[in-house]
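Please keep the sequence and the structure in view while reading.

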Amino acid sequence: MPRTQQSCREGTLFSMANVMLLTLLLLYCDGMNTETTSSPESDPVITTKKAVSKGQSQVIIEELTILTPQYLELICNFTDLPSNPHYITGYWTKDGQEIENSEETVNRNNEQYILKKTFSIQTRDLGNYSCVFRENEAQATFVLDVPVMKDKRDKPIVSYIGDSVVLECKLKHTPNTWNWYKANNTEKVFINVTANPLDYKILNNGSKTKLTVLNLTEEDSGKYICSAEFDIKPSESYVELKVMSYTEPLKPFIAIVVEVVVLVTLILLWEKCNKPQQNNSSGGENDVYSEQTRKLTHDDSNGLENNTARQRKLEH
């Protein structure tokens, strides 16, 4: 091959390599300005969350929903500081405890102070992260947790022996799968529909799940736990079930009837016990009345005899 032709081909390859290198460099620089960037394939996604605090003594709370393990960059932007110092001191806390080696000096930049830090979020790392500035009481708190089921019942679901009942849980996010458990003291017993097809049915529909308990007995009463399974951690809620017999609602009425019967019985016994006393008192009153009548009759008789004797004396 001629030397000139070989030199041209090498020059072309060198130019193509420079173009590819320049293209990769531009793509890299363009990605530096985005809030969400991808780490290497072996690492989770890196996400950036920002909170802006204005003025002193202000507390901001940001709730962040975490579905998967990830690298999370938290940014606190503090503005409107009255004295506008050249720098302030900031640090990070987790669940109220200062994170070791997190304190740093934050320089003023365009009338604002920016404190940021990247955290590796696994299951044990969920919690409350706060950025705090020592010179004032302003802070921002990021609440990191899995989706929470907020539609919880305060009262149990009531059903009766022999019936069927449907228990339901729902979320705003769709989990990987749903599982149901029954609480047994301090343990959770997995509900296996395949092994108990005559007792349970489960219907999962995206962000909702329904558990049907068939042929209820009193043993089915208790707490049922629905678990939305996410990559980082399950989100759980519970539904309490109370199974009663059909005579259970009649118990208050029966209790009232029993109370009335007992009260009437006591009244009758009291009247029966007091009746002889009333008879004795009546008899005594009759005796007194008879004695008085007898005395009056006797006195009248004596009066008539005295009058008769006087008339006889006058005749003689």
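How exposed is Lys188? With a relative accessible area of 42%, Lys188 is partly exposed; the term covers what falls between buried (under 20% relative accessible area) and exposed (over 50%), using a 1.4 Å probe and protein chains only.

This is a predicted model, in which local features need pLDDT of at least 70 and side-chain atom pairs count only at pLDDT 80 or more, while totals for chains, interfaces and linings use all residues. Residues are numbered from 1 along each chain as its sequence is written, and side-chain values use heavy atoms, with hydrogens and water left out.

Lys188 has a partner. Its side chain meets that of Glu236 in a salt bridge, at 2.6 Å from N to O. A salt bridge here is a side-chain nitrogen of Lys or Arg within 4 Å of a carboxyl oxygen of Asp or Glu. By this rule the count comes to four salt bridges. Glu236 is partly exposed, at 36% relative accessible area.

Another salt bridge joins Arg134 and Glu103, whose closest N and O atoms are 2.7 Å apart. Arg134 lies in the loop between β9 (127-133) and β10 (139-145), and Glu103 in the loop between β6 (97-98) and β7 (104-107), so the pair ties together parts that are 31 residues apart in sequence. Strands are DSSP runs (E, at least two residues), numbered from the N terminus. Arg134 and Glu103 also belong to a network of salt bridges that includes Glu98.

Lys94 forms a salt bridge with Asp95, with 3.1 Å between the closest N and O atoms. Lys94 is partly exposed at 22% relative accessibility, and Asp95 is partly exposed at 45%.

Conventions. Helices (H or I, at least four residues) and strands (E, at least two) are DSSP runs, numbered from the N terminus.
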